[in-house]
Amino acid sequence: MLDIAAGHGLFGIMLAQRNPRTEIVAVDWTAVLAVARNNAVKMGVGERYRTIAGDAFTVDFGSAFDVALVTNFLHHFDIETNVVFMRKVAAALPWGRAICTERCAFPCALRAADWLGKCGPINCAWPTWVP
């Protein structure tokens with residue numbers, strides 16, 4: 001699982017706790033990944049937690065993931081930037097899907113739906129609350 005803009009890492013970590021075959025590759029800035037790695041170790045998935053430090057727009061994700069998490073990230077950027085970015089995510093998912101979550105109001109979801117059709121095999125949800 002590719003966890004883009006992993007932050008604290010808890011979304012990917014919790015999924016890995018529920019599936020012992022899940023390996024996580026987290027992408028974020030170095031200092032942020034230190035927090036995420038610490039959480040992964042504390043929560044028992046540290047041996048399945050790898051990191052890629054740097055800018056999500058420029059680092060190489062690779063191309064062999066089943067799932068990519070893109071959580072609370074896309075709302076920072078305009079539609080054109082997100083289209084390019086989500087195409088990059090799709091390229092890392094030869095047989096998988098992306099899971100995007102955004103905490104934003106309904107108009108944001110409508111705007112996102114407009115560009116998602118241009119990005120390929122992407123599934124998104126805009127929950128009002130994510131545990």
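Where is the place of Ala5? Ala5 belongs to the loop between β1 and α1, where helices (H or I, at least four residues) and strands (E, at least two) are DSSP runs numbered from the N terminus. The model is predicted, so that local features need pLDDT of at least 70 and side-chain atom pairs count only at pLDDT 80 or more, while totals for chains, interfaces and linings use all residues. Residues are numbered from 1 along each chain as its sequence is written, and side-chain values use heavy atoms, with hydrogens and water left out.

Ala5 has a phi near 55°, a positive value in a residue other than glycine. Most residues other than glycine have a negative phi. With a relative accessibility of 19%, Ala5 counts as buried, a term that means under 20% relative accessible area, whereas exposed means over 50% and partly exposed lies in between (1.4 Å probe, protein chains only).

The protein chain as a whole contains four helices and six strands, arranged along the sequence as β-α-β-α-β-β-α-β-α-β. Of its 131 residues, 44% are buried. Among contacts (heavy atoms within 4.5 Å) with a separation of 6 or more, 69% join residues 24 or more positions apart.

Strand β1 holds Asp3. Asp3 is buried yet has no salt bridge, and the nearest side chain of opposite charge, Arg37, is 12 Å away. A salt bridge here requires a side-chain nitrogen of Lys or Arg within 4 Å of a carboxyl oxygen of Asp or Glu; Lys and Arg count as positive and Asp and Glu as negative, with His and the chain ends not counted. Leaving aside residues up to four places away in sequence, Asp3 touches Gly9, Gly12, Ile24, Val25, Ala26, Val27 and Leu69.

Helix α1 spans residues 10-18, and its buried residues are Phe11, Gly12, Ile13 and Ala16. These buried residues pack against β1 (2-4), β2 (24-28), α2 (30-42), β3 (49-53) and β4 (67-71). Gln17 also lies in helix α1, but is partly exposed at a relative accessible area of 37%. Beyond residues up to four places away in sequence, Gln17 touches Met43 and Val45. The C-alpha atoms of Gln17 and Val45 are separated by 6.8 Å, although the two residues are 28 residues apart along the chain.
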